[in-house]
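Q: I would like to go through this structure step by step. Could we begin with the chain as a whole and then turn to its helices?
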Amino acid sequence: MKAFVFPGQGAQFTGMGKDLYESNAKAKELFDKANEILGFDITKIMFEGSAEELKQTKVTQPAVFLHSVISAICLGDEFDAEMTAGHSLGEFSALVAAGALSFEDGLKLVSKRAMAMQKACEAAPSTMAAIIGLSDDVIEKVCAEVSSEGNIVVPANYNCPGQLVISGNIDAVNAACEKLKEAGAKRALVLPVGGAFHSPLMQPAKDELQAAIEATEFSNPRIPVYQNVDAKAHTDAAEIKQNLIAQLTAPVKWTYEVKQMMADGATDFVECGPGKALQGMILKIAKGVEGISISGIN
């Protein structure tokens, strides 16, 4: 069975999508429509902007979404997925590709999400850190030990075995990093991000995005969409909405999501969008498993 997967924030690069724009009439139409919806020329920044310009919150998330979704749409009949999933932001791309959400509504929600997250970041100084080389249970235990009221750190992204990202207040993240190094982590690297994504500190963003999601029409997808909050397949529009709302303050269970997709028959994973980050994660999750094919469409 073929699974299409979609990357999240951090996969952006200068020039992303330019080849599609110049070679495919449908892609050009969708990129031009995106400029109208967003109210600024995002394609110019995607095609020609600097890395700093692409890091702007209002640009990054819509840019990755656009590159991913338009790549999938331009595949036409070659988009023959039997299941789909996306990492964090990528879940919106997966929902559009699966027919649960229109291109226009998906882009509007992603733009709303980006701005709401930016506001939440500004309200509470916070950060994230990648922990390499420790088991999930050790990291979970240290986060629980370090956290206190008003100074929290939690597991945020279960990326693959041996790689978990933690998220929270700056002091708590730093303290957790020190303890995790003492516990044997190969690396505990604070990431250059604007805030504590997928943690309770994103509650203001969740409240803002919830209203937008509830006001948006969702359909039952054509194929199962595996969601970050519970790593399970979903085909009911109402369930999908609630899981998408919960996603902002809940951890991304990517390791368990991919394992569940494999258990349900996935043998061919295709990453659709910028970069190859998910391909690397899936290789580690599926380590030792024969018959798994992993590729990308950029």
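Q: What share of the 298 residues of the chain counts as buried?
A: This is a predicted model, and in it 54% of the 298 residues count as buried.

Q: How many helices and strands are there in the chain?
A: The chain has 13 helices and 10 strands. Its radius of gyration is 18 Å, close to the 19 Å that the globule rule gives for 298 residues, so the chain is as compact as a globular protein of that length.

Q: And what does the C-alpha trace span along its principal axes?
A: The trace spans about 55 × 45 × 35 Å.

Q: What about contacts: how much comes from residues 24 or more positions apart?
A: Among contacts with a separation of 6 or more, 76% are accounted for by residues 24 or more positions apart.

Q: Let us move to helix packing. What describes two packed helices?
A: One gives the angle between their axes and the distance between the axes.

Q: Then how do H2 and H5 cross?
A: Helix H2 covers residues 25–38 and helix H5 covers residues 57–75; their axes come within 10 Å and cross at roughly 150°. Angles over 145 degrees count as roughly antiparallel, and H2 and H5 are therefore roughly antiparallel to each other. Their crossing is right-handed.

Q: Which residues meet there?
A: From H2, the residues are Lys26, Ala27, Leu30, Phe31, Ala34 and Leu38, and they meet Pro62, Leu66, Ile70, Ile73 and Cys74 of H5. By class, this contact has 10 nonpolar residues, no polar ones and one charged.

Q: Now H7: how does H2 lie against that helix?
A: Helix H7 spans residues 103–123, and the axes of H2 and H7 come within 11 Å, crossing at roughly 45°. That angle makes H2 oblique to H7. The crossing of H2 with H7 is right-handed.

Q: Which residues of H2 and H7 meet?
A: Leu30, Lys33, Ala34, Ile37 and Leu38 in H2 meet Phe103, Glu104, Leu107, Lys108 and Ser111 in H7. The contact of H2 with H7 divides into six nonpolar, one polar and three charged residues.

Q: What follows H6?
A: Gly99 follows H6, and the phi of Gly99 is positive, near 85°.

Terms used. Residues numbered from 1 in each chain as written. Predicted model: local features only at pLDDT ≥ 70, side-chain atom pairs only at ≥ 80, totals over all residues. Heavy atoms only, no water. Helix = DSSP H or I, 4+ residues; strand = E, 2+ residues; numbered from the N terminus. Axes fitted to C-alpha atoms, helices over the stretch in contact; angles between N-to-C directions. Parallel < 35°, antiparallel > 145°, perpendicular 65-115°, else oblique. Left-handed = near helix turned anticlockwise from the far one by under 90°. Contact = heavy atoms within 4.5 Å. Nonpolar A, V, L, I, M, F, W, Y, C, P; charged D, E, K, R; others polar. Rg over C-alpha atoms; globule rule 2.2 N^0.38 Å. Buried < 20%, exposed > 50% of the residue type's maximum accessible area, 1.4 Å probe, protein only.
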